[in-house]
Amino acid sequence: MNQPASAYFLEERHDPTESHTLSVLVQNEPGVLARVIGLFSGRGYNIDSLTVSETEHQKHLSRITIVTRGTPAVIELIKHQLERLVPVHRVRDLTLDADAIERELALIKVSGKGDKRIEALRIAEIFRAKVVDTSTEHFVFELTGKPSKLEQFIQIMTELGLTEVSRTGIAAIGRGPASL
């Protein structure tokens, strides 16, 4: 039995979404970040993580690292649209590089006394978190690593008195001689 054409268009198609880390080399000038972000917001794409910093002072270049989610087709579309922006020099999908390095920094505040305080310090040592501030009632830990490591540490600290988290977002770079 044939379905009417309108029923075909009403069927939901769920392509799997993937997380991708895009490294974008741009001219370091006013408004560039706003244009890149505008591309995402104007088309309804979400940004999970965003970091930006000048990387080559002499050449006035900055690197924007964006983590976004989408189907493979949407990710390709995002990359092509980024490449067409005038101040963009290069776009590289670091997710396609199996050996790309991703790191993130977090500051994590934990309050507690007694056994919970001792346990928080013990867990921090296991994760190689550094104590950067302390009082008799709290700690602030600094932790750098893969986002999954930070998530795991934060989850454990939630049970031990987590009160606040500040994260930098992902910084990523490819291994080997190739560069952006």
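**Helix H4 pair.** I began in helix H4 of this predicted model, where Arg122 and Glu119 both lie, 3 residues apart, which is about one turn of the helix. I looked up their side chains and found that Arg122 and Glu119 meet in a salt bridge, with 2.7 Å from N to O.

**Network.** I then looked at salt bridges that share partners, and these join Glu76, Lys79 and Asp93 into one network. My search of the whole structure gave 8 salt bridges. I keep in mind the general point that side chains of opposite charge can pair when their charged atoms come close.

**Strand-to-strand pair.** Next I turned to Arg167 and Glu104, whose side chains meet in a salt bridge at 2.9 Å, N to O. Arg167 lies in strand S8 (residues 162-167) and Glu104 in strand S5 (residues 101-111), so I recorded that this pair ties together parts that are 63 residues apart in sequence. On accessibility, I have Glu104 as buried, because its relative accessible area is 7% and buried means under 20%; Arg167, with a relative accessible area of 30%, is partly exposed.

I checked Lys59 and found a salt bridge with Glu56, in which the closest N and O atoms are 3.5 Å apart. Lys59 counts as exposed at 55% relative accessibility, whereas Glu56, at 31%, counts as partly exposed. I went on to His60, which I placed in the loop between strand S2 (47-56) and strand S3 (61-70). I noted that His60 has a positive phi of about 55 degrees although it is not a glycine, and that its relative accessible area of 42% makes it partly exposed.

Last, I looked up Arg128, which lies in the loop between helix H4 (115-127) and strand S6 (130-134). Arg128 is not a glycine, yet I read a positive phi of about 60 degrees for it.

Conventions
Residues are numbered from 1 along each chain as its sequence is written. This is a predicted model: local features need pLDDT of at least 70, side-chain atom pairs count only at pLDDT 80 or more; totals for chains, interfaces and linings use all residues. Side-chain values use heavy atoms; hydrogens and water are left out. Helices (H or I, at least four residues) and strands (E, at least two) are DSSP runs, numbered from the N terminus. Buried means under 20% relative accessible area, exposed over 50%, partly exposed in between (1.4 Å probe, protein chains only). A salt bridge is a side-chain nitrogen of Lys or Arg within 4 Å of a carboxyl oxygen of Asp or Glu.
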